[in-house]
Amino acid sequence: MDRQPLAHARGSESALPSRDHKGAVSPASFMTQSFDVVVAGGGPAGAVAALDLSRRGFRVALIEQSAYQNFRVGETLPPEIRRLLTELGVWERFQASDRLESYGIRSAWETPAARHHDFLYNPYGCGWHVDRAGFDAMLACAAADGGAELMVGARITALHQDVNGQWLPEVVEGGKKRTLRGRFLVDATGRKASIVRKLGCGVQAVDRLLGAVAVLPRSEAAQWTLIEAVENGWWYSAPLPGDRTVFAYMTDSDLWRNSSWEGLLKLAPLTSQRAAAMEKLPRIRIDSAASVLRQPVTGPNWIAAGDAALAFDPLSGLGIYKTIESGQRSSAAIAQCFEGDRSAMVEYENWTVEGFRSYLAMRRQFYGSVERWPGSRFWQRRLDGR
């Protein structure tokens, strides 16, 4: 996606001595453009936080490393997403975007026979299959139209703090370096959590789940998600806009080593049938899908949002929904913090911890219902809470 003409937040220039996040004072002063909040990461959490904060009247910079041109995983949205997108005022934008209706989920889980969960009676209507990169770009453009300054193809190359504890990220965009100044910093960089990791944030990783993902030509008209359990993991597939279908084999990282994607596909009859249009083995990309909680997710003048705070197993279907909700809650906490109420940070921290605990209970129930392979390390690990 080419960069669009966007509304920019007003910034002011100032020269301040700086120090890195460990407290060392740098010898040079930087000319900075000032914002209330600097958001690192233009995925759903970062874009939603930037959108909400801009509408509250704050000056916001939204920094996205890509130009939304590459494929992204996380392309199925539940029917309930309509409520969140309506609250954000972007439902009409979404309706105008490239997307497919999702009529339900077909799963071969406890048994080899498929069961159907139809969205027909859901009060929010159908779910959706989207081009995830396009979906993320839609939210980022909404943030820009709301007043945020969106920087695409931009990287934070260094991070400092001034003597007052305000953030001074150095950003390279279009080959040019600039320094920003922000009273508050949001890490929405996804699972890599590139900022809070450097700030010493700990991590609770429950498993080593990964997805071996490929995109194939679409071979059927049906618009539903398919989940199929196999001995050492499970398969996921769903249609995409543009006559494509995404396939993902989900397993643990140690169980994936030396595996044949094509050979494993043959062991999943329903998924294999859906991949009938495959003429040659496609390029396989490997993405982490581990269940992860960062702790803490807040600190002095910073907060982690979306997958940088907590990330779920795709089986839960919670990914995008919880990521957007995290963006909303983080922006509300920042707004309250600016008003002098830091209790909102504690509430946000508690929300992430409680949400992760509830998710783990649901995860245990989902995986515990599969008893077909008692000798499988993959399924046994999940029975043991791993």
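How many residues lie between β10 and β11 in their hairpin, and which residue in the turn has a positive phi? Four residues lie between the two strands, and G165 in the turn has a positive phi of about 85°.

## Model and confidence

This is a predicted model, in which local features need pLDDT of at least 70, side-chain atom pairs count only at pLDDT 80 or more, and totals for chains, interfaces and linings use all residues. Residues are numbered from 1 along each chain as its sequence is written, and side-chain values use heavy atoms, with hydrogens and water left out.

The chain has a mean pLDDT of 91 (the predictor's confidence in each residue, from 0 to 100). Of its residues, 92% reach 70 or more. Residues 1-30 have pLDDT below 50. Beyond near neighbours in sequence, that stretch has 83 contacts in the model (heavy atoms within 4.5 Å).

Strands and helices here are DSSP runs, numbered from the N terminus: E over at least two residues for strands, H or I over at least four for helices. Two strands pair if DSSP finds at least two bridges between them. β10 (residues 154-162) and β11 (residues 167-173) are antiparallel, with seven bridges. Q161 faces W167 of β11.

Strands of a sheet pair through backbone hydrogen bonds, either parallel or antiparallel. Angles run from 0 to 180 degrees between N-to-C directions, and axes are lines fitted to C-alpha atoms, for helices over the stretch in contact.

β6 (residues 104-108) pairs with β7 through four bridges, antiparallel. S107 has R115 in β7 as its bridge partner.

A second open sheet runs β13-β19-β22 with antiparallel pairing. Its edge strands, β13 (202-205) and β22 (310-311), each pair on one side only. β19 (residues 292-295) is joined to β22 by two bridges. L293 has L310 in β22 as its bridge partner. Helix α9 (residues 343-368) lies across β13, β19 and β22, at about 160° to β19.

## Backbone exceptions

Most residues other than glycine have a negative phi, and most peptide bonds are trans. D243 is not a glycine, yet its phi is positive, about 55°. D243 sits in the loop between β16 (233-240) and β17 (244-252). The Q295 to P296 peptide bond is cis, with omega near -5°. P296 is in the loop between β19 and β20 (298-299).

## Pocket and cavity

On a 1 Å grid over the protein atoms alone, a cavity is a set of points where a 1.4 Å probe fits but cannot get out; a pocket is an open set with protein on both sides within 12 Å along at least five of seven lines; lining residues have an atom within 4 Å of a point. Points join across faces, edges and corners, and a volume is the space filled by probe spheres set on them.

The second largest pocket holds about 240 Å³. Among its 16 lining residues, A229, V230, E231, L267 and W373 are closest to the centre. β15 (225-230) and α7 (269-274) each supply at least two lining residues. The largest share, three residues, is from β15.

The whole structure has one cavity of 30 Å³ or more. D313, L315, S316, Y359, M362, R363, F366 and Y367 line the largest cavity.
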